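Please look through the structure shown here with the notes that follow.

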Amino acid sequence: MSSKSKETLHACLHNVNFMIGFFMLLSVILVAIFADKLAPFGYTDQLVGPQFEAPSAAHWFGTDELGRDVLSRVIYGTRITLKVAALGASLELIIGVVVGLSCGYFGGAIDHVFTFLTDLTWCIPGTILALAVVTLIGKSLTNSVIAIAMVCWASYARPIRAKTMSLKTMAFVETGKAFGESSAALMFRYILPNVIPSLIVMVSTTLPGTILSTTTLSFLGMGSQAPSPDWGLNLSKGMDYIGSAPWLSIFPGIALVYTVLGFSLLGEGVRDILDPHLKSQ
Amino acid sequence: MILVFAVTLLVFSLLYMMPGNPIDIMTDRKVSAEKRAEMVHQYGFDQPLHVQYFRWMKKIIQDQDFGQSVRYKVPVWNLMKDRIPRSVKLCGWSLLIEMLLALPLGLLAAIKKDSFYDRFSVNFTLMLTSMPSFWLGALLILIFAVGLKWFPISGFESAKNYVLPVVALTAGSLAGTLRLTRAEVLEVLNEKYVTTALAKGVPYEKVMFKHVLRNALIMVTVSVFMSLPWLISGAVVTEKIFGIPGMGNLLLNSIVVQDFPVVQAVLLLIAILTVICNLLSDIVIAILDPRIRIAIGGGDK
């Protein structure tokens with residue numbers, strides 16, 4: 001086992017995508033942790049400089065319509081984005097795994113109902129369904145993450161269901177059954193560990209999408225509400241002043257692209273390492 | 001068919017459960033309680049869910065009547081009639097450009113695997129997919145509308161107005177299709193029948209087009225058809241940035257002011273479109289791939 005994990009570590013260190021993505025994300029995480037120390041001002045401090053000041057030595061990213069420091073707001077925004085990533089991924093994962101496992105394991109009526117539900121969520125474009133869900137449960141960042149998770153779980157459930165169905169008939173599961181293990185134990189202790197490598201790949205490849213969708217909802221005014229330093233929200237506010245103060249929309253955008261690119265590269269790397277069959281060649 | 005039914009029911013009940021009373025939006029505080037009760041009855045808001053649902057469906061199927069917009073107080077169809085062509089124009093052009101660029105470029109990247117061009121296109125498309133369409137839109141406006149003044153910032157009257165939105169909308173899906181084309185072509189290139197064809201002495205170009213491209217296109221076609229609904233949701237964002245009063249903007253504004261009949265009608269159209277796309281993609285695959293055609297036809301050879 002230890003030689004295998006050493007091998008994996010070696011593969012990680014030699015995968016260019018993985019390493020670049022890893023360091024990009026590491027920098028984002030560090031910025032989020034030390035936001036208090038790094039940001040020159042609080043994200044709600046108004047009139048720390050003149051309004052609409054162009055980027056300068058005192059305010060590297062300029063100031064916005066309320067005289068708030070854009071750099072500080074971008075720095076605090078990393079916390080929100082990482083929170084979205086963590087919360088979104090775990091929600092999607094939990095729903096997807098539970099539904100996928102039980103569909104594949106039990107089959108029959110449960111399988112029919114949930115397969116139908118998955119088909120249904122595929123039928124309405126994600127962003128639009130999420131918009132409807134957010135309207136239903138109220139506008140807030142957490143709610144928009146929940147909405148995205150409710151739309152995206154299907155992309156986990158399907159492959160897990162297929163995998164479970166093939167694993168279910170394997171000898172080691174049959175043995176467990178013969179020893180009198182309960183269904184829950186069979187699902188979570190016997191089958192789940194075998195699905196984990198594909199799960200890691202799925203999480204790392206869908207995370208960028210989750211972040212982008214949530215930011216899109218914020219951009220459309222359905223996620224974070226003012227005065228949150230959410231990048232999507234700031235971008236949409238900045239659009240009002242695109243002609244006179246472009247720095248309001250440019251810098252949150254760069255931060256967002258940087259983070260999402262980090263996640264994408266990491267995802268590509270993880271996929272190449274754990275799933276050589278899918279390797280992008 | 002069952003799927004369409006389920007989707008409409010889902011959409012309808014979602015909106016039925018929404019907080020906020022549509023009558024509150026239509027009337028102001030000065031309207032008396034009796035008048036309000038009368039209006040509730042008139043619009044049928046006091047009926048149970050299934051009664052409202054069947055009444056709504058019956059009207060649509062029999063009279064093509066999508067109901068009245070609560071906010072604008074005109075039939076929903078009148079609102080949609082002007083807006084559909086604008087959205088179709090936006091999505092249609094961007095789909096066309098996506099296909100025209102992504103297929104040849106993806107093929108080229110796969111053939112010249114590991115060359116500079118291949119690396120460049122792979123990394124560039126990864127960058128494009130990481131870029132939210134609203135930010136790309138903002139950049140385009142900044143450079144080409146504010147800076148160079150080549151195109152207007154917003155509006156929808158002339159063809160020039162559509163250039164930037166189409167570019168913004170195309171970018172994301174272009175990247176996905178290009179990468180998929182490349183991956184598929186690479187997969188097919190490894191197949192034995194390609195080696196056989198080359199070994200037989202079939203000209204290289206002929207192998208590429210008749211053997212490789214045709215087989216690689218199957219998955220690409222599926223994904224393009226499946227991506228149509230996503231294109232529409234992308235259009236919501238693009239229409240908002242560039243201020244095009246299309247279906248996306250209509251949907252967004254209607255959700256904000258809780259104009260239920262409009263939201264229901266737009267979602268219904270999108271759901272139907274999606275189901276049609278799924279069906280079409282099945283048909284197109286069957287045309288492209290005889291193996292699947294046989295499987296669908298019940299295996300008779």
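At roughly what angle do the axes of helix 5 and helix 6 of chain B cross? The model is predicted, and in it helix 5 of chain B covers residues 76–111 while helix 6 of chain B covers residues 116–130. Their axes cross at roughly 130 degrees and come within 8 Å. The crossing of helix 5 of chain B with helix 6 of chain B is left-handed.

The residues that bring these two helices into contact can be named. From helix 5 of chain B come Leu105(B), Leu108(B) and Ala109(B), and they meet Tyr117(B), Asp118(B) and Ser121(B) of helix 6 of chain B. Of the residues in this contact, four are nonpolar, one is polar and one is charged.

In chain A, Ser249(A) lies in helix 12, which runs over residues 247–274. Its relative accessible area is 1%; buried means under 20%, so Ser249(A) is buried. Apart from neighbours within four places in sequence, Ser249(A) has contacts with Leu235(A), Gly238(A) and Ile242(A), and also with Trp135(B) of chain B.

Last come the cysteines. A disulfide is a covalent bond between the sulfur atoms of two cysteines. Over all chains, the count of disulfides is zero. Cys103(A) has a relative accessibility of 3% and so counts as buried. Cys91(B), at 14% relative accessibility, also counts as buried.

Terms used: Residues are numbered from 1 along each chain as its sequence is written. Chains are lettered from A and ligands numbered from 1 in the order in which they are written. This is a predicted model: local features need pLDDT of at least 70, side-chain atom pairs count only at pLDDT 80 or more; totals for chains, interfaces and linings use all residues. Side-chain values use heavy atoms; hydrogens and water are left out. Helices (H or I, at least four residues) and strands (E, at least two) are DSSP runs, numbered from the N terminus. Buried means under 20% relative accessible area, exposed over 50%, partly exposed in between (1.4 Å probe, protein chains only). Contact means heavy atoms within 4.5 Å. Axes are lines fitted to C-alpha atoms, for helices over the stretch in contact, and angles run from 0 to 180 degrees between N-to-C directions. A crossing is left-handed if the near helix is turned anticlockwise from the far one by less than a right angle, and right-handed if clockwise. Ala, Val, Leu, Ile, Met, Phe, Trp, Tyr, Cys and Pro count as nonpolar, Asp, Glu, Lys and Arg as charged, and the others, Gly among them, as polar. A disulfide is a pair of cysteine sulfur atoms within 2.5 Å.
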